[in-house]
Amino acid sequence: MTSFQLGASTKNLSVTQAQVASSRTLSVADRAWRAAAVLLLLAIFGLRVGLISETYMREDEEIAFRTTARDLGYTVYYQAEQDVHAPVWFVSFWLWQQLAGTGEFTARVYSILLSSLTLAVLYQLGRRWFGAPRYGVFAVLALGVSSYATIYALEIRPYALVMLLATVNMLLFRRWLVRRTWRSSLLYGASVAALLWTHYFLAFLVLAQLLYLALFQRLNRRLLQQLLGAGALALLLWSPWLPVFLNQIDTLKQVESASGDFRALGISSTTAATSPETVWKLVLLATNGQPLLYALVIAAGLWRWHGHPAYRLALVWALGVPGINLLTNLVFAVHTPRYLSYLTVGLALVVAAGLDQLPGRWRGFALGTFVAIAFWALPSQLPQHTPYRHVLQTMAAQAYPGDVVYYSGVDPTEALLRWQIDHYLTPELRAGQVATLHEAMAAHGVWFVTADFFDPQVQAEFRAIEAEHPLQVVAGSCNAEWCFLAQRLQGPPRSTPVWFGDQIAFWGMDNLDLSPTAIQARLWWRVERTPLLDYSISLRLVDASGFLVAQHDGPVRFSNGDIVQTSQLEPGGFYLDERKLTPLEPLPPGDYRLQLVIYQSWDGVRLTLPDGSDTLDLSTVSFR
């Protein structure tokens, strides 16, 4: 072998070694990005599960439970004859409930699991469309902090499945355009059928794909044949449901005619007309309320990727879908943000491409800044539904045996509220519902529940009960977004009072909390006329021999620490006096008595009881 040949062989060997080393480096990098994607999926899953406690049901979610509450046949029948939706999600939700139960938490977990699959497919899209795994990670991050995607990843409606199938459909569409084989085109056609079996308005995604073909693809004879074949297969697979769909269109026309809106298709009451305000609301929702931030990222992506086929497809997905929808909405009532939730996946790909424009460490800085701002803004875009669950769970936790529930200014038979009542109130409270104000006032403890607290009639009923039943617990609120209040009012422990010196009426003791180191109690007081003097009220604990072991003396003390002297007591209302007895040492086992005395602090003279005594025995306390 000549020296020249030896040198050439050595050079070729060096090139091969360099290629192997480079391949190993890329493999390690790919594994690192894949690990990052897995960690992100787990983190986003955990975030969304954590948001379940802050997410409350809306009316359509109750319908999802109601229409899947019977057998599978009824579930399909309801969608076909009573509603206007495609059946696949409802069937899948029915099957999920057979496995996981019918609770709100597990239902939202189902949606989160579907959205997690969407994130996994999105990672593959980013990696394949743009040629590197980091794009998949960037896209997963962008979708994970999207308020728009988060809202519908938690809903108990078809939209999480819609996002998943739209993402799979786009993956197959792009694969067909790259491979251009009959097999890939037919797989794409089957995915189109799956879209239509799940949600009719996924047709806007197919229209966007046709727009992409018209604008950016050279449609030769072979490609057109495959497109027609895919369309024929989609129609064939969807054809069993087609007669039902046509019947549903007739139903929609009848609804629109009855409402006086003649836009020919859609339900005007659940959609918004195309207007600058409608477009702006959609922009704010899609950008977490940060349109300038997203505009900068999209502009950066356009500068680099404007001629790239995959970027153009992602852009048509993100912007073309809502554009076609809003234009169609000028004629038909088809626009509401939830119907377009799948555009968020395309937008995440556009954002991923834009975030990659800065070099090296600046790229990481840009990504971190974008994610931080979007995540910070996310909560402000989440919907504020009435928190029925929280209020009703508070009622269940703080109710006492014998409590009744009185509904004023709210209809407890309304479907959503009825579902919440059935799932979150105890059987005792459900059975304790009373129909009249008289029944409520006759009860010892009453929950006053309303969704219109500022209505004069509601306030009049509340004041009538409160006059004899002081307010104890408030759950809920009334604000600009919603109003739902549950207030527990409680009558005094005694049905008749014990009078001290014909001046101060004692109406009983409750909330007794006993331990050898502390005894807490609440005393109920009332006056018919204001006493002239400031008396000291003494709650005492004596042992079996009558020896005083603990006492709490002073004026009436409220639970917040405020005090009121007896000369400041006003007629007409109850005063709830919180007392705590603290012995110097833990009490030894034995029997003790709680006693009540009212006296003049300056000379010790006591007010007497009707029987002439000056000490009222309240109860016996035993420690063993």
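## Exercises on a predicted helical model

Leaving aside neighbours within four places in sequence, Thr-167 is in contact with Thr-118, Val-121, Leu-122, Leu-125, Trp-317 and Val-345. The model is predicted. Work through the exercises with the structure open.

### Exercise 1. Thr-167

Find the helix that holds Thr-167, then decide: is Thr-167 buried or exposed?

Step 1. Locate the residue. Thr-167 is found in helix H8, residues 159–179.

Step 2. Read its accessibility. The relative accessibility of Thr-167 is 0%.

Step 3. Apply the cut-off. Buried means under 20% relative accessible area. Thr-167 therefore counts as buried.

Step 4. Look at the contacts again. Among them are Trp-317 and Val-345.

### Exercise 2. Helices H6 and H16

Determine how the axes of H6 and H16 are arranged, and which residues meet.

Step 1. Find the helices. H6 covers residues 133–144, and H16 covers residues 343–355.

Step 2. Take the distance and the angle. The two axes come within 8 Å and cross at roughly 130 degrees.

Step 3. Classify the angle. Angles of 65 to 115 degrees count as roughly perpendicular, and those over 145 as roughly antiparallel. H6 and H16 are therefore oblique to each other.

Step 4. The crossing of H6 and H16 is right-handed.

Step 5. List the partners. H6 brings Tyr-135, Phe-138, Ala-139, Ala-142 and Leu-143. They meet Thr-344, Val-345, Ala-348, Leu-349, Val-351, Ala-352 and Ala-353 of H16.

Step 6. Sort them by class. The contact of H6 with H16 has 11 nonpolar residues, 1 polar residue and no charged ones.

### Exercise 3. Helices H14 and H16

Repeat the analysis for H14 and H16: at what angle do the axes cross?

Step 1. Take the geometry. The axes of H14 (residues 291–305) and H16 come within 7 Å and cross at roughly 70 degrees.

Step 2. Classify. That angle makes H14 roughly perpendicular to H16.

Step 3. List the partners. On H14 they are Tyr-294, Val-297, Ile-298, Ala-300, Gly-301 and Trp-305. On H16 they are Leu-347, Val-350, Val-351, Ala-353, Gly-354 and Leu-355.

Step 4. Count the classes. The contact of H14 with H16 holds 10 nonpolar, 2 polar and no charged residues.

### Exercise 4. A bent helix

Where does H15 kink, and how many of its residues are buried?

Step 1. Find H15 at residues 309–328.

Step 2. Locate the bend. A kink of about 35 degrees lies at Leu-319.

Step 3. In H15, 14 of the 20 residues are buried, and the helix is mostly covered.

### Exercise 5. Two positive phi values

Compare Arg-180 and Asn-288: what is the phi of each, and where does each lie?

Step 1. Recall the general rule. Most residues other than glycine have a negative phi.

Step 2. Read the angles. Phi of Arg-180 is near 55 degrees, a positive value. Asn-288 has a positive phi of about 55 degrees.

Step 3. Arg-180 is in the loop between H8 and H9 (182–198). Asn-288 is in the loop between H13 (276–286) and H14.

Step 4. Check accessibility. Arg-180 counts as partly exposed at 28%, whereas Asn-288 counts as buried at 0%.

How values were computed
Residues numbered from 1 in each chain as written. Predicted model: local features only at pLDDT ≥ 70, side-chain atom pairs only at ≥ 80, totals over all residues. Heavy atoms only, no water. Axes fitted to C-alpha atoms, helices over the stretch in contact; angles between N-to-C directions. Helix = DSSP H or I, 4+ residues; strand = E, 2+ residues; numbered from the N terminus. Parallel < 35°, antiparallel > 145°, perpendicular 65-115°, else oblique. Left-handed = near helix turned anticlockwise from the far one by under 90°. Contact = heavy atoms within 4.5 Å. Nonpolar A, V, L, I, M, F, W, Y, C, P; charged D, E, K, R; others polar. Bend = angle between axes of the 7 residues up to and from the residue. Buried < 20%, exposed > 50% of the residue type's maximum accessible area, 1.4 Å probe, protein only.
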